[in-house]
Amino acid sequence: MQPAGTKRAAVFAAPVALALGLQFAGTPEASAETCPGGNAGLSLPKGFCATVFADNIGHARQMAVGKDGTVFVNTWSGVYYKNNDLPPGGFVVALKDTKGTGTADVVKRFGETQKEGGHGGTGLALYNNYVYAEINDRIDRYPLKDGEITPEGKAETVLSGMPINGDHPMHSFIIDADGNLFVSMGSATNNCEIKNRMPHSKGHNPCVELETRAGVWKYDANKLGQKFSPAERHATGIRNGEGLDFDSAGQLYVTQHGRDQLHENWPELYSAQQGFDLPAEVVVALKQGGDYGWPYCYHDGAQQKLVLAPEYGGDGGKKVGQCAEKLGPVAWFPAHWAPNDMKIYKASTFPEPYRNGMFIAFHGSWNRAPGPQGGYNIVYQPFADGKPTGKFIVFADGFAGAKKDPGGAAHRPSGLAVGRDGALYISDDVNGRIWRVTYSGDPNSKTLDAAPEVQTQEANAGQASPPEGVHPEAGALAALPVPPGSTADQVALGKKVFDGDVGGATCAGCHGAGGVGSPVGADLTSGKWLWSDGSVEGITKTILDGVPEPKEHPGAMPPKGGVELSDDHVKAVAAYVWALGDRKK
């Protein structure tokens, strides 16, 4: 089978643009020629136009569009986000453009509020005149009458008791025409390790976690008061399946977030390059009773097969073992891009090459150091008859802005929806923006164009530099204090280690550029210390010991970040982290 996006073995080689087989055309300005608003900051293929449909609505996750054009969005809080300044009201948002401007002029919120104990959620769907939305550990539904923008009736609980602890507490779901409710239960761990994310930890065997996690469960959307249990498991071995959609024939497809930290936890088996190249992100065709391999197996895109994970006796990609009996994917993509949603385009507004394939929202990576982070885009995978019909393209880019990392990205794609008019909606869970993408080009176009390439790091233009040059970190490092007993050079080295430029660590991947925090790592600039007194010595001990059970965040930290840092590197990064936390004092 031809891998989605590139030829075999080219997916995971450098340089990145060639390695991924990405197709770019023209310049960023070209895609905005027919879009007066400049595509709202996005890069799109020629003929497509993006406008900001709504903004600042909270941490927007998944969406659905009603028959009257109302866009419903679920928003989320919880440990993945800093919850300051949440918009007042419920976590489900109804957005409607009543004036035909391409922007929602009506924004209404409903459902349980934060004051009432709500934390919002990811999953959302429309079915049989109800809005179904995940909140906390349950799925509620709200009756929606014709002419109502927001439901006036009280919520009814369809399903409760879903697991919300661990690494993946989100629950995407979809409802078919018969009312079958398919719900994803993400894994609680990285790979069912005895000690989650810790170096050389073996996996639980058997992985009992599979009884209640890492699969898709099936319920009845028409029945109230259902309780989650292992009995309703429909398919297993899907680590975190967030994007679900049916094709026109009724086949359900699910994306999967692949496992992390092959190099960090098993450096004797995987190089740093292999660590950010493996495993592939995948799409699977869901079958009742199907087993897709997690945690025992992962998909190697270069070899085009499932191989045995090191926690279960794998040797770095050669052994297959029990993985020969598992179900493989129908399409695969670069590692760690994080597919948060997927929609099969069954409308007819976009030209023919963009129909019946998969639009996938890639939330963006955090653990591809020492390589560049990737994703933060929307890709389109041509697809028919259960398999890819060509290479995937980057359809929309530019969401992250100048920094493609979890802590610095301006926006991160999270949800997708298609309106009855064929418009594609894209949600962002950083600043709560919703884009609406339409097409006004040649309706008979037969060309599958990709978005013009976006440069995330642009050089200064037209400015003379002094002959001795300018130290690239001069401004940032000059503002940082130096801890007692350390030197400015140590702080500078610590920043390089933190950023992954030296030593191969992924500190910035979890904690964000500059340590400002991200959905998987704590904010190190706050001055709040959970594991020590905040001294260099205390921070050093935390780095050496690791954090196997975080107190306030979902991301466990292996000792030394999972790599072999030297003593000098550990001292340097401790000095840098101290400086970050001391800056606000």
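Student: How many salt bridges are there?
Tutor: The count comes to 19 salt bridges. Keep in mind that this is a predicted model.

Student: What makes Arg-433 and Asp-55 a salt bridge?
Tutor: The cut-off is a Lys or Arg side-chain nitrogen within 4 Å of an Asp or Glu carboxyl oxygen. Here the closest N and O atoms are 2.9 Å apart, so the pair qualifies. Arg-433 sits in the loop between β28 and β29, and Asp-55 in the loop between β1 and β2, so the contact ties together parts that are 378 residues apart in sequence.

Student: Why is Arg-433 called buried?
Tutor: Buried means under 20% relative accessible area. Arg-433 has 18%, so it counts as buried.

Student: What about Lys-96 and Asp-68, what makes them a salt bridge?
Tutor: Their closest N and O atoms are 3.2 Å apart, and the limit is 4 Å. Lys-96 belongs to strand β4 and Asp-68 to the loop between β2 and β3, so this pair ties together parts that are 28 residues apart in sequence.

Student: Is Lys-96 buried or exposed?
Tutor: Buried, with 19% relative accessibility, since the label needs a value under 20%. Asp-68 has 39%, so that one is partly exposed.

Student: Which label does Lys-541 get, buried or exposed?
Tutor: Exposed. The label asks for over 50%, and Lys-541 has a relative accessible area of 54%. Asp-545, with 43%, is partly exposed. Lys-541 and Asp-545 form a salt bridge too, with their closest N and O atoms 2.6 Å apart. They are four residues apart in helix α8, which puts about one helical turn between them.

Student: Which residues are linked in a network of salt bridges?
Tutor: Asp-167, Arg-197, Arg-239 and Asp-260.

Student: Why is strand β22 described as largely enclosed?
Tutor: Five of its five residues are buried, so the rest of the structure largely encloses β22. Met-358, Ile-360 and Phe-362 point one way, while Phe-359 and Ala-361 point the other way.

Student: What lines the largest cavity?
Tutor: There is one cavity of 30 Å³ or more, and the largest has a volume of about 130 Å³. Its lining has 18 residues, with Gln-256, Tyr-292, Cys-297, Tyr-298 and His-299 nearest the centre. Strands β17 and β18 each supply at least two lining residues, and β18 has the largest share, with three.

Student: How do the lining residues divide by type?
Tutor: Eleven are nonpolar, six polar and one charged. Tyr and Cys count as nonpolar here, so Tyr-292, Cys-297 and Tyr-298 go under that heading.

How values were computed:
Residues numbered from 1 in each chain as written. Predicted model: local features only at pLDDT ≥ 70, side-chain atom pairs only at ≥ 80, totals over all residues. Heavy atoms only, no water. 1 Å grid on protein atoms, 1.4 Å probe; cavity = no way out; pocket = protein on both sides within 12 Å on 5 of 7 lines; lining within 4 Å. Points joined across faces, edges and corners; volume = space filled by probe spheres on them. Buried < 20%, exposed > 50% of the residue type's maximum accessible area, 1.4 Å probe, protein only.
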